[in-house]
Amino acid sequence: MTITSGKKKQKIDRLAELAARDDERGVSLWQEAFRRLRRNPAAIVGAVILALFVVVAVVGPFLVPYSPTDTIGIRDGLIKPGVIPGIDGDHWLGLDHQGRDEFSRLVVGARQTLLVGVVSTLIGLAVGALIGGVAGAAAGLGGRWGRWIDSTLMRFIDMMLAMPSLLLAVSIAALLGASLTTVMIAVGVVSVPVFARLLRGSMISQANSDYVLAATSLGVRKPKIALTHVVPNSLAPVIVQATLTLATAIIEAAALSFLGLGNPDTSVPEWGVMLADAQQYLDIRPGLAVYPALGIIITALGFTLLGEAMREALDPKLRK
Amino acid sequence: MSDDDILVEVRDLKVHFPIKRGVIFDRTVGHVKAVDGVDLRIPRGKTYGLVGESGCGKSTLGRALLQLTPPTDGQVVFDGVELTTLPAGKLRTMRRRMQMIFQDPMSSLDPRQNVESILTEGLQTHGIGKDRDDRRRIIGETLDAVGLPRWALSRYPHEFSGGQRQRIGIARALVLGPELIVADEPVSALDVSIQAQVVNLLDELQDSLGLTYLVIAHDLAVVRHISDMVGVMYLGALVEEAPSDRLYTEPLHPYTRALMSAVPVPDPDVEDRRERILLAGDLPSPANPPSGCRFHTRCPWAQPTRCADERPVLREIGASRVACHWAEQIASGELRPHKVSAEVVRPEGEGETPGVVSAPSEPGSYV
């Protein structure tokens with residue numbers, strides 16, 4: 001009796017659930033993409049790495065055991081020519097060539113890396129999306145002027161694309177003089193052509209789609225179609241690209257610092273500078289190069305994993 | 001038929017697309033003549049079917065009729081109003097009265113809009129409905145008319161099946177209360193079982209709302225079922241136009257005959273003995289159409305005179321209009337078909353001019 005009523009209850013619950021589904025709201029594309037993202041292990045790994053990285057970058061500097069600029073090793077006489085103390089109980093990753101605590105420098109350096117990565121990507125995204133958006137809109141509206149604006153902007157972008165990205169970044173950094181802002185601008189500018197081309201191409205392909213024609217045949221005005229249909233549908237690849245660009249921005253910022261074109265303020269530790277300093281001591285303490293390099297690699301990997309997973313989740317061809 | 005009964009009249013419509021080349025800035029090197037001089041009239045409340053192989057310009061004609069693709073030349077008169085010269089603002093207002101149904105219901109619906117938003121867009125554009133509730137009432141009635149449940153409103157296109165999506169597309173066109181609907185391959189992207197449902201839905205809607213249709217399709221059976229009048233297009237021009245049944249029983253133009261001979265008959269005995277006219281070669285390039293009659297390069301009845309140098313106009317023969325110099329002689333059997341060898345279609349300015357048709361051989365050799 002109890003079993004039957006239990007089964008019956010289950011059945012009723014199931015029916016109620018099915019009936020309730022009809023009242024449920026539809027699942028939008030973004031919600032659907034998010035569901036797919038959650039089921040992708042690569043996305044989870046990427047997200048966990050990035051979450052750790054962000055937490056370390058934000059709260060880490062308040063918790064580190066030593067000041068990243070305190071030359072403990074020299075004060076205590078631990079640093080002698082040809083000797084750099086390695087890992088011990090007090091210093092988890094040992095000391096660097098100036099006797100500073102390597103672990104503290106690594107943690108504080110994460111903040112710098114995150115800042116440069118995010119700000120430079122935002123610069124690239126903003127400028128690139130502006131140029132790409134204007135060119136895409138001009139191409140979509142057509143006419144002699146539209147085509148002229150589009151062609152001119154795109155030839156300019158092609159010139160930027162023709163230069164190797166690191167060379168371009170180095171030239172800009174050298175031209176503007178070394179500073180933190182310069183690094184951000186240089187790394188940001190390098191990603192401008194990618195965002196511009198991507199948004200323009202995406203807008204043009206959306207502008208030729210049937211639903212835009214359908215909106216035209218409904219009598220909707222062109223600017224409104226551009227804002228309500230074309231732009232929102234063109235953004236998905238740009239967002240994916242922004243995530244992937246964060247990875248390259250971090251690597252490029254480190255490369256600039258490595259080449260001595262980074263932030264001249266040595267009181268702020270930076271992974272690229274740490275890597276550059278470490279190369280003279282590779283034979284004594286190879287770990288000094290390994291730790292910042294691993295930091296760069298793992299962070300870039302995190303962004304890449306998440307970006308690729310987002311690309312898959314947002315790809316209409318894979319949608320079922 | 002009096003002129004008052006004509007809802008749409010197309011006069012000598014031409015749509016030429018420029019072919020552009022250039023390294024930095026484009027220059028025009030030629031034109032693709034997608035639609036090259038079409039005349040047709042669609043009576044109010046009737047269905048005009050447009051058939052032809054892919055690339056013949058039938059979709060472009062439909063879009064040019066609705067001014068979605070600007071025509072190069074010619075006129076489109078909709079209920080007495082000439083559309084090609086209408087100012088943009090007035091044209092937008094007119095759009096309420098003429099709507100379109102698309103081939104692929106997935107790509108013609110914005111994936112980011114839910115059904116309510118899709119159906120509201122047109123209403124807002126034309127200021128139909130006093131407030132949100134009023135618009136919801138109109139949308140609800142439209143959903144009922146196309147056979148979609150009310151809960152569809154909050155759903156997104158990707159949550160529906162192909163047939164349901166096409167119903168959403170039809171609802172989007174209907175919600176404005178149009179008089180003319182241009183349906184561009186409305187069922188060809190759907191499963192056969194769903195095709196019948198959608199065709200019947202279009203039929204019912206025509207009966208209850210008095211709609212006028214221009215149905216563009218390559219499926220001859222669908223067009224025959226739904227149309228009152230059928231026009232056959234070849235390479236940007238109409239070659240024959242006739243009442244639906246007459247076109248299928250008595251095709252007059254050689255191209256129509258070839259098309260009709262490709263329709264399978266649902267009787268194995270008849271099907272086995274059915275005479276098939278296989279056309280040689282491909283559709284010539286609309287950038288460089290053949291001289292004279294556009295079909296003469298592939299026509300089994302092509303004659304040494306007139307066909308290659310004189311473009312035939314639509315002539316009335318009985319209830320049909322045919323663009324063929326020899327339609328009567330072909331119909332009476334005086335002219336027999338002959339073998340046609342496929343030719344290489346050359347780009348303009350290269351090689352010898354096309355138009356050489358091999359000598360007639362004995363009748364029936366094309367089978």
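Two strands are taken to pair if DSSP finds at least two bridges between them, and in the predicted model described here strand S9 (residues 229-234) of chain B has two such partners, S3(B) and S10(B). With strand S3 (residues 47-51) of chain B, S9(B) pairs in the parallel sense over 4 bridges, and within this pairing B:Val51 has B:Val232 of S9(B) as its bridge partner. With strand S10 (residues 237-243) of chain B, S9(B) runs antiparallel and is joined by 6 bridges, B:Met233 standing opposite B:Leu238 of S10(B). The hairpin formed by S9(B) and S10(B) has 2 residues between the strands, and in that hairpin B:Leu235 adopts a positive phi near 50 degrees.

The contact between the two domains takes 13 residues from domain 1 of chain B and 7 residues from domain 2 of chain B. On the side of domain 1 that touches domain 2, strand S2 (27-43) and helix H7 (220-226) of chain B each supply at least two residues, and S2(B) gives the most, with 6 residues. By class, this side of domain 1 of chain B comprises 6 nonpolar, 4 polar and 3 charged residues.

The contact between the chains takes 29 residues from chain B and 24 residues from chain A. On the side of chain B that touches chain A, strand S6 (98-101) and helix H3 (115-125) of chain B are the elements that give two or more residues, H3(B) giving the most with 3 residues. The residues on this side of chain B divide into 10 nonpolar, 9 polar and 10 charged.

In chain A, helix H5 (residues 102-141) has 40 residues, which at 1.5 Å a residue should span 58 Å, and the 57 Å between its end C-alpha atoms agrees with that expectation. Because 28 of the 40 residues of H5(A) are buried, the helix is largely enclosed by the rest of the structure. H5(A) is followed by A:Gly142, whose phi is positive, near 70 degrees.

The unreviewed UniProt entry places the feature "transmembrane region" at residues 42-64, 114-141, 238-261 and 289-310 of chain A. In the model, residues 42-64 of chain A are 96% helix and 0% strand, with end C-alpha atoms 30 Å apart, whereas residues 238-261 of chain A are 88% helix and 0% strand, with end C-alpha atoms 29 Å apart. UniProt, again in an unreviewed entry, lists residues 110-307 of chain A as "domain: ABC transmembrane type-1"; this span is 84% helix and 0% strand, and its end C-alpha atoms lie 20 Å apart.

Conventions:
Residues are numbered from 1 along each chain as its sequence is written. Chains are lettered from A and ligands numbered from 1 in the order in which they are written. This is a predicted model: local features need pLDDT of at least 70, side-chain atom pairs count only at pLDDT 80 or more; totals for chains, interfaces and linings use all residues. Ala, Val, Leu, Ile, Met, Phe, Trp, Tyr, Cys and Pro count as nonpolar, Asp, Glu, Lys and Arg as charged, and the others, Gly among them, as polar. The expected span of a helix is 1.5 Å times one less than its number of residues. A residue is buried if 20 or more other C-beta atoms lie within 10 Å of its own, exposed if 12 or fewer, and partly exposed in between; C-beta atoms are placed from the backbone. UniProt positions are given in the numbering used here, feature names are shortened, and annotations may be inferred rather than shown by experiment.
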